[in-house]
Each structure stands twice: as structure tokens, then as C-alpha cells.
Amino acid sequence: MPAHFYQRIADELSDIEDAGLWKPERVLTSMQGATVSVAGHPCDAINLCGNNYLGLASDPRIVEASIAATRHWGAGLASVRFICGTQEIHKELEASIADYVGFEEAILFAAAFDANAAVFEPLLGEDDAIVSDSLNHASIIDGVRLCKARRLRFANGDMDQLEQNLRQAREGGARTILIATDGVFSMDGAIANLSVITDLAEKYDALVMVDDCHATGFLGEKGRGSAAFCGVEGRIDILTGTFGKALGGAMGGFVAARREVVSLLRQRARPYLFSNALAPSVCGAALQAIGIAASAEGDALRERLFANTSRFRRRMEQAGFSLLPGQHPIIPVIVHDAARAQAFAAALLQEGVFVTGFSYPVVPKGQARIRTQMSAGHSPEQVDTGIAAFRKIGKALEIVS
Ligand SMILES: *Cc1c(COP(=O)(O)O)cnc(C)c1O
């Protein structure tokens, strides 16, 4: 047992703690929801940091669908898809999500992280180029690293630099160029400018790949995502997404694309070929969630979600907080200093509001924040209670006057 190794790991842990960058895991003693109970805290807290945008994570219909799928199809497959791990429910979920987001076909992964890790390497090689937004999710960055294509990067949302990258890739003789972007940037709540991105893609004969994890289920018409929001449906080549956020919150990811792309991923994508099939419970929950999201009830949930979003935004701005601008239910409250963000979150929990401080390396240094997220599950009164707690603690910590 080489002691120097364990000493180095211990030193690194101390460094993280000393810098105020430690991410504690607080334990819930309840289901996920608009309110949660937190171990060690006597009262329930309003939850303002879940990705549970439609409030479906503990909806009894979703829970029941999950249990029913387990009863009917078993606990799991103990197999990858191509050996003996494909059931009708997997095919049903692939068809359902493809239809919902408006693509020919979809392929399931254990998580959107895997979908992003899987999607680039089989489709692009050393003759190709990937043009990537600098704020793309870690899983896109990892997926791009696993692929031999040339990499170009543009500053977040900088469409001039994107065009420079595209020109550079074309002049460099790239066979295929793919633009990769989050549909919504998760730390900022900024929505990608897909209208300009798809125009530039057309001009330079490039493909567009969008990761819609923070959009599928609630953004745009019928919650079909950021392309619907930006009015560019049908102009995206490859979409990746998750069932672990708005669509029930269980887990699981997917890639949606044209038939031939999905077929090649089934043959070549390593996280698909070498990893267990999704558990039936997860498929059952996701199918039920898509059904709700696509229905008139989904429209009502989205209306509540965005009413809560504009209410929180407006009143927090009036209270003097520094928010990142936008329309998305991700509403970051900027406090700059990492230790202060942690103190803010801890004090808010004492006031019955559950939020998380985000600091480096999840966001750039000096831009620590409380990332709040609204849900259709919140009542307007709960939103107001949250705001009142922010004001009280914000004043105490001299973040607002
Ligand atoms: C959450 C998220 C992921 C990962 O999704 P999982 O299904 O939890 O692996 C990928 N990309 C983005 C943009 C995300 O926000």
C-alpha cells in the first residue's frame, strides 16, 4: 500500500475544503418534490434546486407506472441490449420519445451522460471537425475527447466566433463539420441561439447536435424542447436528452436522430454495446411522463412552471438580487464568493428553503451562485416564502440592502 498515494489524495481533499469548494451531500428523508425533508432538520423545506421542472418525480401515476413495469417486465435485464436485453418496453420508449421530440428514431442509454459520451466517436473521425460551445456540459466535452475529429471551440453564445470556427474547419478541409451545443446551459439557464446556429450550419454545410437535458418536456410548444422554443424544429440533426429531469426524474438518456444515425449508434456506440439495458421500472416511469408532458395537462403544468419562473424573477430583482437574465426556470442568484454561496445555502436551509451553492469547478472562479430552479409543483405561496427567506438571509449576509 503506497502511503504517498493516500497522502496525496488526503492533501487534495484538504485543498478542496480550504478553498470553500467542498460539495456536501445533504440527505433527504422524503421523496423528491416541491418540498422535501432533510436529515437533521426538523421542518420540511421548499425545494428550489431540483430538475423536477414539471413536478412529476413523485407523481403517484409515475410511481405506479414504474411499479407496474417492474411487475410485468421484472427488475432488470442482466444483459446489454443486443444479447438478450431488449424488451418491448424498450422499443416502446424509443418510439415514444422519438415521436415526442420529432425525430425518426431514438436509442436509449443508461443516462444522458452516456448518450453524450457515445454519440460522437462512431459518427465522426479524424477527417471531421466538431465545433463546440465553451459552456457545453461536461459529458459533451468528454464525448468529444473520445472522438478523433478536430476540435474547435467558441466562447459561450458567441456566434461570430462560431462562424470563424466554421470557416476555419471548412478551409482546413473537414469532411463533415458538427456544431455541438447545449440547448440550455445548465449553470446559467441561457437558451442557445439555435436560430443563428442552424442558419450558420446551413451556410457552412454543417450538422447540428443539441443536448436538451434542461429543455425536453417543458421548453417550447408541447415541451418539445429548445428547437421548438427557437422555431427551428426539423433543423437539428442530433438531439440528446434525459429522462432524469422533467420527464419523471428517474434516470436514462437518449439520442434522437435520423434512422441511419441511430442504427449506426446501435452497432458502434460503446456505452450502448457494453452496458446493461435500462431497467423496466425506468422505462415505465419515462413512458408515463412523456404521456403527461405531451397532453393538455402538460400545457397546464408548463403554464404553472413559467408563471412561477416570472414571479420569482420579478420579485427577486425587486429585492435587489443580482440574477442572470433569461426566461428559463433556472434562475441563478450570483453571490461571487464560493464560501459565501455555501453560507447562504446553509442559512436558507435553516429558514426552510433548500438550495445549493455552486462554485468552481462547476462554474468559473469568482462566479459562485445559488442556482434556483422553479417547478410546476410549487404553489405561488411557496415561491413567495422562498423569496422572503432569500431577502432575510440576503440582508443578514449583506448581499442585498
Ligand atoms: C443533466 C445533464 C446531463 C446528464 O444527464 P443524466 O441523464 O443525468 O446523465 C447531460 N447534459 C446536460 C446539459 C445536463 O444538464
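**Notebook: ligand site, surface and backbone**

I began at the ligand and found one of its oxygen atoms 2.9 Å from a polar backbone atom of Phe-113. I count this as a polar contact, meaning a pair of N or O atoms within 3.5 Å; within protein, one atom must be able to donate a hydrogen and the other to accept it, and residues adjacent in sequence count only if both atoms are side-chain atoms.

I note that this is a predicted model, in which local features need pLDDT of at least 70 and side-chain atom pairs count only at pLDDT 80 or more, while totals for chains, interfaces and linings use all residues. Residues are numbered from 1 along each chain as its sequence is written, and side-chain values use heavy atoms, with hydrogens and water left out.

**Entry 1**

An oxygen atom of the ligand is 2.8 Å from a polar backbone atom of Ala-112, and a ligand nitrogen is 2.6 Å from an N or O atom in the side chain of Asp-211. The protein covers 83% of the 380 Å² of accessible area that the ligand has on its own. I took accessible areas from the Shrake-Rupley method with a 1.4 Å probe; for residues, only the protein chains shown count as cover.

Helices (H or I, at least four residues) and strands (E, at least two) are DSSP runs numbered from the N terminus.

**Entry 1: a nonpolar patch**

On the surface I found a nonpolar patch of Met-1, Phe-5, Tyr-6, Ile-9, Leu-13, Ile-16 and Trp-22, with about 710 Å² of accessible area together. Patch residues have over 30% relative accessible area and no salt bridge; like charges are joined within 9 Å, and nonpolar side chains (Val, Leu, Ile, Met, Phe, Trp, Tyr) within 5 Å. Leu-13 sits in helix H1 (residues 3–18). Is Leu-13 buried, partly exposed or exposed? Its relative accessibility is 38%, so I record Leu-13 as partly exposed. Buried means under 20% relative accessible area, exposed over 50%, and partly exposed in between (1.4 Å probe, protein chains only).

**Entry 2: salt bridges**

How many salt bridges does the structure hold? I find 21, each a side-chain nitrogen of Lys or Arg within 4 Å of a carboxyl oxygen of Asp or Glu. In one of them, Lys-203 pairs with Glu-163, with the closest N and O atoms 2.7 Å apart. Because Lys-203 lies in helix H8 (residues 194–203) and Glu-163 in helix H7 (residues 159–171), the pair ties together parts 40 residues apart in sequence. Lys-203 is exposed at 59%, whereas Glu-163 is buried at 16%.

I also noted the bridge between Arg-258 and Glu-260 (2.8 Å, N to O).

**Entry 3: the backbone**

Most residues other than glycine have a negative phi, and most peptide bonds are trans. I found a cis peptide bond between Tyr-360 and Pro-361, with omega about 5°. Pro-361 is in the loop between strand S14 (357–358) and strand S15 (368–373). His-336, not a glycine, has a positive phi of about 75° and lies in strand S12 (residues 330–336).
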